[in-house]
Amino acid sequence: MRYLAQTWPLPAVLAWGLAWGVFGALGHWGIATGLAALVACTVGVGASVLGGSWWRRVLIALGFPLSLGLSGAAPFAGGYWLLPLAVLLLVYPYRAWKDAPLFPTPPGALDDLPGHAPLQAGAAILDAGCGVGDGLRALRRAYPQARLHGIEYSWPLRLACALRCPGATVRHGDFWAADWSPYAMVYLFQRPETMHRALEKAQKDLLPGAYLVSLEFEATGWMPHATLRLPDGRPVWVYRAPVRLA
């Protein structure tokens, strides 16, 4: 997925082709045109995660319905043309646009974390912005006896995460507004411009000895407790409260 995000406009071409393929297949099977269009639009919105930025994800999501409307292959009576936009806003709420895009944590990315951030059995770990659950799965591999929690602002992603991670407590909410003090570790996969905010919140909320773990992005100006390297060279930054300035 990361490779596709870096090869623009290939993700858009693939997503639009997939949506048109679904639309054509459903029509061939006798599915009503309106329903086929809605399903294909939903596929396009789902494929928008391949975009590396918000404007690219919006372009991918809206590509099929716009091209369908221009082609005249399906009627867009009334407000039906707004359905793809509604689905897009449901998956990517406006309030979450300043946070990181949906990039999943690779399987096994956190396997070496217990050697640098040991936790007691039953410790509570929060995946802040858990998406569809890849981070929680990686945390479960690393800490099989931990109590896992996830917070996700997008309702569809939150539901998908709960289905994929039945052993975790996943709730809808804004992790920036949540209290991090109950957790022995907070894991996030954010973006460079939000890491300073994350460290400030960790300083305010986390109890002494608790960990903040960031995949790939460093909180510049703060002293890490440890730094791990994935096989592909990406770092995992480990900070321990109270975090010192570098």
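Which residue forms a salt bridge with Asp205, and how far apart are the closest N and O atoms? The partner of Asp205 is Lys201, with the closest N and O atoms 2.7 Å apart. The legends below treat this pair and other contacts of the structure.

The structure is a predicted model, in which local features need pLDDT of at least 70 and side-chain atom pairs count only at pLDDT 80 or more, while totals for chains, interfaces and linings use all residues. Residues are numbered from 1 along each chain as its sequence is written, and side-chain values use heavy atoms, with hydrogens and water left out.

View A. A salt bridge is defined as a side-chain nitrogen of Lys or Arg within 4 Å of a carboxyl oxygen of Asp or Glu. The whole structure contains 7 salt bridges. Helices (H or I, at least four residues) and strands (E, at least two) are DSSP runs, numbered from the N terminus. Both Asp205 and Lys201 are buried; buried denotes under 20% relative accessible area, exposed over 50%, and partly exposed the range in between (1.4 Å probe, protein chains only).

**View B. Salt bridges of Arg234 with Glu216 and with Asp232.** In the pair of Glu216 and Arg234, the closest N and O atoms are 3.3 Å apart. Asp232 meets Arg234 in a salt bridge of 3.0 Å, N to O; Asp232 is exposed, with a relative accessible area of 52%. Elsewhere, salt bridges with shared partners join Lys201, Lys204 and Asp205 into one network.

**View C. Aromatic cluster of Trp20, Phe23 and Phe64.** The structure holds 5 aromatic pairs. The ring centres of Trp20 and Phe23 are 5.7 Å apart and the planes stand at 85 degrees, so this pair is edge-to-face. Rings of Phe, Tyr and Trp (its six-membered ring) pair if their centres lie within 6.5 Å; planes under 30 degrees apart count as stacked, over 60 as edge-to-face and the rest as tilted. Trp20 and Phe23 are 3 residues apart in helix H2 (residues 10-28), a separation of about one helical turn. Trp20 is partly exposed at 31% relative accessible area, whereas Phe23 is buried at 12%. For Trp20 and Phe64, the ring centres are 5.0 Å apart with planes at 75 degrees, so the pair is edge-to-face. Because Trp20 lies in helix H2 and Phe64 in helix H4 (residues 54-71), the pair ties together parts that are 44 residues apart in sequence. Phe64 is buried, with 1% relative accessibility.

**View D. Charges over the rings of Trp176 and Trp180.** A charge sits over a ring if NZ of Lys or CZ of Arg is within 6 Å of the ring centre and within 35 degrees of the ring normal. The charged end of Arg197 lies over the ring of Trp176, 4.1 Å from its centre. Lys201 is placed over the face of Trp180, 5.2 Å from the ring centre.
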